[in-house]
Amino acid sequence: MSEAGFGINTDILETNLINILLLIGLLVFAFADSARTSLKSRQERISDNLDNAANRLILANFRYKDTVESLEKIRIKAIDLQKEKIDELKQTKTSNFVQFQPYVVEEVKALKALVLGQYRSFDRQLINRIFRSYQKHENGPSKILIGKTTRQSRW
């Protein structure tokens, strides 16, 4: 009768330990070269990609530096052009002012005379109206007929 229960089997052939170790050894031996070459080629591709990326970064930094320098030169040129244009406009303004100043002074005098003449004319008209109203008041209230009704004038 066999014993029932829990125990350790010490027979190596029955446990297939040797078979498993032989299988693992054969697999490592058979696929070690292809795994090494695959890992080595992958490492080389990654290294090449990193080198290319570093080179592109360096090139981009050089281009950026050149662009910044060009932009600064353009800004300086634009500021210089603005200063030149401002100076040119100042000179034009000065020359135009000197050239047209006598005409402007004459026009201003003419406008003053015109305005004062109109005010004087208005003052004369106002004085004449006041004088006429005073004369009417002195002569007595006058009656003005509007439609069928009669009203007295205040003036």
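**Reading the chain**

Author: Start with confidence, as this is a predicted model. The average pLDDT of the chain is 80, and 76% of the residues score at least 70.

Reader: Which elements have the lowest and the highest confidence?

Author: Strand β1, residues 143–146, is lowest, with a mean of 46, while helix α2, residues 17–139, is highest at 85. The pLDDT is below 50 over residues 142–151, a stretch that has 12 contacts in the model beyond near neighbours in sequence.

Reader: How should a region with low pLDDT be read?

Author: Where pLDDT is low, the predicted coordinates should not be read in detail. In this chain, that caution applies to residues 142–151, where the pLDDT is below 50.

Reader: How many helices and strands are there, and in what order do they run?

Author: The chain has 2 helices and 2 strands. Read from the N terminus, the order is α-α-β-β.

Reader: Next, burial. What share of the chain is buried?

Author: A residue is called buried when its relative accessible area is under 20%. Of the 155 residues in the chain, 1% are buried. The accessible surface comes to about 15500 Å², and carbon and sulfur atoms account for 61% of that surface.

Reader: Which residues make a nonpolar surface patch?

Author: F100, Y103, V104 and V108 make one of about 390 Å². Take Y103 as the example: this residue is in helix α2.

Reader: Is Y103 buried or exposed?

Author: Y103 is exposed, because its relative accessible area is 52% and the cut-off for exposed is over 50%.

Reader: Now the charged pairs. How many salt bridges are counted?

Author: The count is 3 salt bridges. For each, look at the N to O distance, then the spacing in sequence, then the accessibility of both partners.

Reader: Begin with R36 and D33. What is the distance between them, N to O?

Author: Their side chains meet in a salt bridge at 3.2 Å, N to O. The cut-off for such a pair is within 4 Å.

Reader: Why are R36 and D33 separated by about one helical turn?

Author: Because R36 and D33 are 3 residues apart in helix α2. As for accessibility, R36 is exposed at 56%, and D33 also counts as exposed, with 52% relative accessibility.

Reader: Which residue forms a salt bridge with R75?

Author: The partner of R75 is E72, and their closest N and O atoms are 3.8 Å apart. Both R75 and E72 lie in helix α2, with a spacing of 3 residues, or about one turn of the helix.

Reader: And how accessible are R75 and E72?

Author: R75 counts as partly exposed, at 47% relative accessibility. E72 is partly exposed as well, at 39%.

Reader: What does the salt bridge between E88 and K85 look like?

Author: The closest N and O atoms of E88 and K85 are 3.7 Å apart. E88 and K85 are 3 residues apart in helix α2, so about one helical turn separates them. E88 is partly exposed at 45% relative accessibility, and K85 is partly exposed with a relative accessible area of 43%.

Note on methods: Residues numbered from 1 in each chain as written. Heavy atoms only, no water. pLDDT = per-residue confidence, 0-100. Helix = DSSP H or I, 4+ residues; strand = E, 2+ residues; numbered from the N terminus. Contact = heavy atoms within 4.5 Å. Patch = residues over 30% accessible without salt bridge, like charges linked within 9 Å, V, L, I, M, F, W, Y side chains within 5 Å. Areas by Shrake-Rupley, 256 points an atom, 1.4 Å probe, with all protein chains shown as cover. Buried < 20%, exposed > 50% of the residue type's maximum accessible area, 1.4 Å probe, protein only.
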